[in-house]
Amino acid sequence: MELFDVAIVGAGPAGATCATFCAAAGLRTAIVEREKFPREKVCGDCLNSACWPVLRQLGLVEQLRNLPHGKLDTVEFIAISGRKIIVDLPHGNEGEIAVKRSLFDNLLLRRARELGVTVHEGSTVTGLSKTPARNWKIDVVNQTITARVLVGADGRNSTVARLRNLLPIPARERVALQAHIPLPRNFGNRVVLQFLAEGYSGQAPVNEHELNLCLVGAPPTISSLRKWAERNFEIEPAQPWRTITPLTRAPVPSVQGNLFFIGDAARVVEPFTGEGIYYALRSAELAAIAIQKMVQGEARHSILREFAREHAAIYRGRLWINRMARAAVLSPRMASALMQFAGPSSAILRLFTGKIVRQQF
Ligand SMILES: Cc1cc2nc3c(=O)[nH]c(=O)nc-3n(C[C@H](O)[C@H](O)[C@H](O)COP(=O)(O)OP(=O)(O)OC[C@H]3O[C@@H](n4cnc5c(N)ncnc54)[C@H](O)[C@@H]3O)c2cc1C
């Protein structure tokens, strides 16, 4: 049986990026992915401008620009009363865009394949164990993969974390629905974050014809959110929706021996801020550097300490934004009331947006 240097569970942005960097460093790399790509995923489809440097290192900037996408020039916050506050987003070539996850994730996975990563699609991981030599045995239906290092990049409901008894008990506090619907006429180059009595909605154009529509609320209110969307966007009741829960959960330790967690598997952030893909890409890049050193035989203790420190640093100074966003979306009436008193170019919303898109206003 082939022994891989690294096996990565999950081929979303975190897994595919980590695989590409590992393969580029000469490591024998395998990915195990439950779905067959291309596939959609519950997401607002917005790429924070902080993603561009990692995408440049992956050599994907031009290919990404050539994919159908929506350009996002402004973010429009809408209170329950209908009051709007519009904040500019960074302009230029490396601004915010929205691209369907079927296209974006497929692009990343194709890059991993080009660099020689062995990709097992349609393969759900069901079991994990260790060999006497402390390598990992990863059970997939009908086969077992062995690797010196294992990476859990399998999202917020991580099977790897669950199989290692590390997954926090999920709280079904809120649930998200998402669909791509026909783009309303004159929607413009904006992302909309709209507070509603029952939760909130995110809207972003992903190409010239389609709008990404997300609805987030507590389980009892989700059907009234769907009815709101059907009325406002003239959607058929038969419209298929994708769904996911939980929206937030406690983090999992980012590294333990020769097991790493990256992206949502490690830490789930409030989706209102649209930063999850950036964290997935950046944590993947850091993990690939650490894994390369580990496979080359450098002292494991210092590698683990350094990775844990750098992983935590990606989020440092930013979790307050997350807490603020979470407080706002959990109390949409309060957030809307505050918006009523804010000036038309609310300083706090400009600061909030500037922090998220990492721009100084
Ligand atoms: C409503 C909502 C809106 C959001 N909007 C945005 C946004 O606009 N911008 C943004 O940056 N972020 C957004 N996010 C967050 C973003 O979607 C995630 O942060 C991002 O997908 C994390 O990437 P990942 O690679 O870590 O995990 P994922 O994208 O979840 O990928 C995990 C992969 O693992 C696979 N997998 C799972 N279990 C197994 C298994 N047992 N075996 C094999 N494979 C498995 C899955 O099929 C999946 O392909 C949003 C999230 C939500 C819920």
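Buried, in these notes, means under 20% relative accessible area. The model I am reading is predicted.

**Entry: the cysteines**

I began with Cys-214 and asked myself: is Cys-214 buried or exposed? Its relative accessibility is 12%, so Cys-214 counts as buried. Cys-43 is buried too, at a relative accessible area of 16%.

**Entry: Asn-258**

I then moved to Asn-258, which I found in the loop between β17 (255-256) and β18 (259-261). With 2% relative accessibility, Asn-258 falls under the cut-off and counts as buried. What does its side chain reach? A polar atom of the Asn-258 side chain lies 3.0 Å from the backbone oxygen of Arg-134. I also listed its contacts, setting aside neighbours within four places in sequence; among them are Lys-130, Trp-136, Arg-148, Leu-150 and Met-294.

**Entry: the three-stranded sheet**

Here I traced an open sheet in the order β3-β7-β4, with antiparallel pairing. Which strands stand at the edges? They are β3 (46-47) and β4 (70-72); each has a single partner strand, so one side of each is left without a neighbour in the sheet. I checked how β4 is held to β7 (residues 96-98) and found three bridges, the strands running antiparallel. Gly-70 sits opposite Ala-98 of β7.

**Entry: the seven-stranded sheet**

My last stop was an open sheet of seven strands, ordered β6-β5-β13-β14-β15-β12-β16, with mixed pairing. Its edges are β6 (84-88) and β16 (242-244), each pairing on one side only. On average, neighbouring strands are turned by 15° against each other, direction ignored.

Val-75 has Val-87 in β6 as its bridge partner.

Then I noted the helices. Helix α10 (residues 332-341) packs on the sheet and touches β5, β6, β13 and β14, its direction making about 115° with that of β13. Helix α6 (residues 222-233) lies across β12 (175-182), β13 (190-196), β14 (199-205) and β15 (210-217), and runs at about 150° to β15.

Key:
Residues are numbered from 1 along each chain as its sequence is written. This is a predicted model: local features need pLDDT of at least 70, side-chain atom pairs count only at pLDDT 80 or more; totals for chains, interfaces and linings use all residues. Side-chain values use heavy atoms; hydrogens and water are left out. Buried means under 20% relative accessible area, exposed over 50%, partly exposed in between (1.4 Å probe, protein chains only). Helices (H or I, at least four residues) and strands (E, at least two) are DSSP runs, numbered from the N terminus. A polar contact is a pair of N or O atoms within 3.5 Å; within protein, one must be able to donate a hydrogen and the other to accept it, and residues adjacent in sequence count only if both atoms are side-chain atoms. Contact means heavy atoms within 4.5 Å. Two strands pair if DSSP finds at least two bridges between them. Axes are lines fitted to C-alpha atoms, for helices over the stretch in contact, and angles run from 0 to 180 degrees between N-to-C directions.
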